[in-house]
Amino acid sequence: MSFHPQMEYAPAKFHKSERKLAEPGNEFKYTPENQALFDENVTHYPAEERKSTILFALYLVQYQQGHISGASMRFVAQQIGCTAAEVEDVVSYYTMFYTKPVGKYVLNVCRTLSCALLGAERITEEIGAKLGIKPGETDPTGTFTLVEVECLGACDRAPVLMINDEGWQERLRPEDVGRFLDDLKARGYAALTGCHLQVEKES
Amino acid sequence: MDYQPVLTQFVREPRAYTLDSYVKNARGYEGLRKALTLKPNDIIEQVKASGLRGRGGAGFPTGLKWQFVLKDTPKPKYIACNADESEPGTFKDHVLMERNPHLLIEGCAIGCYAIGAKIAYIYIRGEFLHVQKHLEAAIEEAYRAGYLGKNILGSGFDCDVYVHRGAGAYEAGEETALIESLEGKRAQPRIKPPFPAVAGLYQCPTAVNNVETLCNVPLIVLNGPEWFAALGPEKNGGPKLFCISGHVKRPGVYEASMQTTLRELIFGDQYAQGMQDGHGFKAIIPGGSSVPILLDEHLDTPASFDHIQKAGSLLGSAGLIVMNDTVCMVWLAMNLLHFYRHESCGKCTPCREGGDWLYKLLQRIERGEGQMKDIDLLFGVSNNIVGKTLCAFGDAAATPVLTTLKWFRNEFEAHIREGRCTLPADWRARQAMLAGAH
């Protein structure tokens, strides 16, 4: 029953949560290398504050299997000595963690003001049109995932794209999107502009 | 005025980020060497005398912040360096850490020595992995050279610096939310008091300082507080990094005195060199997206904390977003509310719900489906957010709405009257334009 005379109780549309638990997936365990990295990271914090390492632990999971599954959250909880709910609490808050598989290249298009002023909305449109996907989706070949993100902190290089979490493409123009995607597919990170302040060529 | 950069003097030199370059070119770690011969309290006094104000946004005096750090306690103390740089329009710490990381490391070490801490955590945003790699390599160099670790330079002082990577959350830039995130939780702010200086990281006394703030510390110790204060107007001393983005010819990070006017920064030859493509200047957000807009009539204001505040805005993080006459102000407010709605941590109801309402209202007006009473509603919702949340995020979220309504109310009314966006620019989404939406 409703406590307000004009309000229907619990309308289905209003109360339905779109939130879904992560799929449990296969049993998860760190590779020995990742276990060693985790064990080293724990030493950065006081012994009784193992939970501080949770973001690092989750990145390790994501690098190892591409996304963070239910089983891997339980694994991280065991490693840290907290509950799986506490791990999920963190995973669901931060935008850089994926609970579902993503494409080989995640195209993070910055959509915030400085980038938008220089055509970021057009970039998203062109990528979407070229790949036939909307933001949040992965193309059928599993190569690209398109994501709109908020300010990436490189506004002088607008519009900016972050590819996965290590590649940067600066000052992309809408008319170059097609060529850019082909190039990225063919040559990987080598196709990217990288950082414009990088005056030296790293080997 | 002739201004010699000190924070970014060498950033465009090849391998500027290496210890070699830092020691050879920039008198690297001489500040630390000198600091270790002084009493910790003397360093705090020097920083106070210099008038250094926090570069993260609030402009709070750094010396005072350090003085407030509880000294008489058996608990360990910490420095948490805020390298979460997420304020839209801000990218100065990005450059400092990428090209001059040793300056930050030296600042962390001196800061730790001054407040009696042994550990500094640099909380860097997750998107800056490429920056983090440089920073971690630099930290390793510093350990090997004996500038970090045990018994630094034979002084008996121990200091460790660790990089802690965030994972995508604007709110983590708020100091108590940053601490929560360091503790391995959601980045949500705490109720203050107690302030971090009393009960911060792991409930221990903690100083939370911005990257650029800590980078100034070695310079103060090395060159003296008088030198520092003389670099800018009264109470706004020292070098300052300005991040200029938007419709200017040469966007970038520029180091200048806070005596420099906004007009010089936008139009000056050594700075952003004026507007792109022959368009006229319309408006500027002078301190990152959270501060009020200023107009052409304000451009002769010196870009200092106090002057900009007097002009009706805030210097904030010194992210200058410059807009030309093609920018629709309803669209601008909508773009920024999309940001605030997305980034609200969800802890306080006015911000969590209000941001979403504001976005939807703006979307409605921008699409041409708004009514005149929606303008009152925008004020109503905004005023129910401002001052009613735990952290400054709420005020920041309402600001784009209140400031665009203050200066450009006519644009809102035109949208409503004509039932369409009255200023659609070619750099905005095509499809939405055609459909009359967005």
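**A tour of chains A and B**

Start with chain A: the centres of its domain 1 and domain 2 are 28 Å apart, taken over C-alpha atoms. Select 12-91 for domain 1 and 105-191 for domain 2. Such bounds come from an automatic or database domain assignment.

Residues are numbered from 1 along each chain as its sequence is written, and chains are lettered from A and ligands numbered from 1 in the order in which they are written. The model is predicted: local features need pLDDT of at least 70 and side-chain atom pairs count only at pLDDT 80 or more, while totals for chains, interfaces and linings use all residues.

**The A-B interface**

Now show both chains. Here 43 residues of chain A are in contact with 55 residues of chain B (contact: C-beta atoms, placed from the backbone, within 7 Å). On the chain A side, pick helices H3 (54-65), H5 (84-91), H6 (113-117) and H7 (120-131), the elements that give two or more residues. Helices (H or I, at least four residues) and strands (E, at least two) are DSSP runs, numbered from the N terminus. Colour this side of chain A by class: 24 nonpolar, eight polar and eleven charged residues. Nonpolar covers Ala, Val, Leu, Ile, Met, Phe, Trp, Tyr, Cys and Pro; charged covers Asp, Glu, Lys and Arg; the others, Gly among them, are polar.

**Domains of chain B**

Move to chain B. Select domain 1 (19-230), domain 2 (239-324) and domain 3 (329-434). The centres of domain 1 and domain 3 of chain B lie 36 Å apart, over C-alpha atoms. Their contact takes ten residues from domain 1 and seven from domain 3.

**Helices H13 and H14 of chain B**

Select 329-343 (H13) and 349-366 (H14) of chain B: they pack at about 150°, with axes 9 Å apart. Axes are lines fitted to C-alpha atoms, for helices over the stretch in contact, and angles run from 0 to 180 degrees between N-to-C directions. H13(B) and H14(B) are therefore roughly antiparallel (under 35 degrees is roughly parallel, over 145 roughly antiparallel, 65 to 115 roughly perpendicular, the rest oblique). Show side chains at the contact, including Trp331(B) and Leu337(B) of H13(B) and Tyr359(B) and Leu362(B) of H14(B). The contact residues divide into ten nonpolar, three polar and three charged.

**The sheet of chain B**

Finish on the open, mixed sheet of four strands, in the order S6-S5-S8-S7. S6 (252-257) and S7 (281-285) of chain B stand at the edges with a single partner strand each, so one side of each has no neighbour in the sheet. The twist averages 30° from one strand to the next. S7(B) pairs with S8(B) (319-324) in the antiparallel sense over four bridges (pairing: at least two DSSP bridges). Zoom in on Phe281(B): its bridge partner in S8(B) is Asn324(B).

Definitions and conventions:
Two residues are in contact if their C-beta atoms, placed from the backbone, lie within 7 Å.
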